[in-house]
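These are my notebook entries on one structure.

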Amino acid sequence: MILTPKEMKQLRYLNGEIKMLERQKRSLENMLCNLSATKDIVQGSDAFFPFVLHNRKVEGIAIKQRSEWLKCKADLERVNNRISESCQKIIKEYNRLSLYIENCNDSLTRQILSLYYIEGYTWDQVAARVGGGNTEDTVKKIAYRYLLKQ
């Protein structure tokens, strides 16, 4: 199996997409909470004698906000579906990348590839993590040379 640097970055992009979708989801959930908060107290009595007056609390969606609430609810469902689909893609990509990286014979290269493509570190963070006097440019070159050599 051969993967290009572009294919390797898909996991990073998918993680970013899920974070974006999670922000959209929180925003839609906040909108729903604001739209659905309608309350009132009504009075009524029993249908038969003795006609005792009772107070009842009712909650619901204001009729003039119903269409907006339904649209927001549909948008939230769509975002939840996209999050679910993206999570499935991430699992598939993660398994594919892990298998590819495991097949690398060099320990340093394996660490660099895992830290950057799977863990999501920046090149600078990868260099600091693997140590050994490696710089950002060094670890980047090691990774790209390995990927291009394959």
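**Entry 1: a charge over a ring.** I began with arginine 12, which lies over the face of tyrosine 116, at 4.0 Å from the ring centre. For this I required NZ of Lys or CZ of Arg within 6 Å of the ring centre and within 35 degrees of the ring normal. The model is predicted: local features need pLDDT of at least 70, side-chain atom pairs count only at pLDDT 80 or more, and totals for chains, interfaces and linings use all residues. Residues are numbered from 1 along each chain as its sequence is written, and side-chain values use heavy atoms, with hydrogens and water left out.

**Entry 2: aromatic pairs.** I searched the whole structure and found six aromatic pairs. Rings of Phe, Tyr and Trp (its six-membered ring) pair if their centres lie within 6.5 Å; planes under 30 degrees apart count as stacked, over 60 as edge-to-face and the rest as tilted. One of the pairs joins tyrosine 116 to tyrosine 117, edge-to-face, with 4.8 Å centre to centre and 85° between the planes. Tyrosine 117 also pairs edge-to-face with tryptophan 123, at 6.3 Å centre to centre and 90° between the planes. Ring pairs link Tyr116, Tyr117, Trp123 and Tyr144 into a cluster.

Entry 3: I took buried as under 20% relative accessible area, exposed as over 50% and partly exposed as in between (1.4 Å probe, protein chains only). Tyrosine 116 and tyrosine 117 are both buried. Tryptophan 123 counts as buried because its relative accessibility is 8%, and tyrosine 117 because its relative accessible area is 0%.

**Entry 4: helix packing.** How do H5 and H6 pack? Helix H5 (residues 123-130) and helix H6 (residues 136-149) pack at an angle of about 95°, with axes 8 Å apart. Helices (H or I, at least four residues) and strands (E, at least two) are DSSP runs, numbered from the N terminus. Axes are lines fitted to C-alpha atoms, for helices over the stretch in contact, and angles run from 0 to 180 degrees between N-to-C directions. H5 and H6 are therefore roughly perpendicular, a label for 65 to 115 degrees. The contact (heavy atoms within 4.5 Å) includes Trp123 and Val126 of H5 and Val139 and Tyr144 of H6.

**Entry 5: two further residues.** I noted a cis peptide bond between phenylalanine 49 and proline 50, with omega about 0°. Proline 50 is in the loop between strand S1 (38-45) and strand S2 (53-60). Threonine 109 lies in helix H4 (residues 107-118) and counts as buried at 7% relative accessibility.

Definitions and conventions. Angles under 35 degrees count as roughly parallel, over 145 as roughly antiparallel, 65 to 115 as roughly perpendicular and the rest as oblique.
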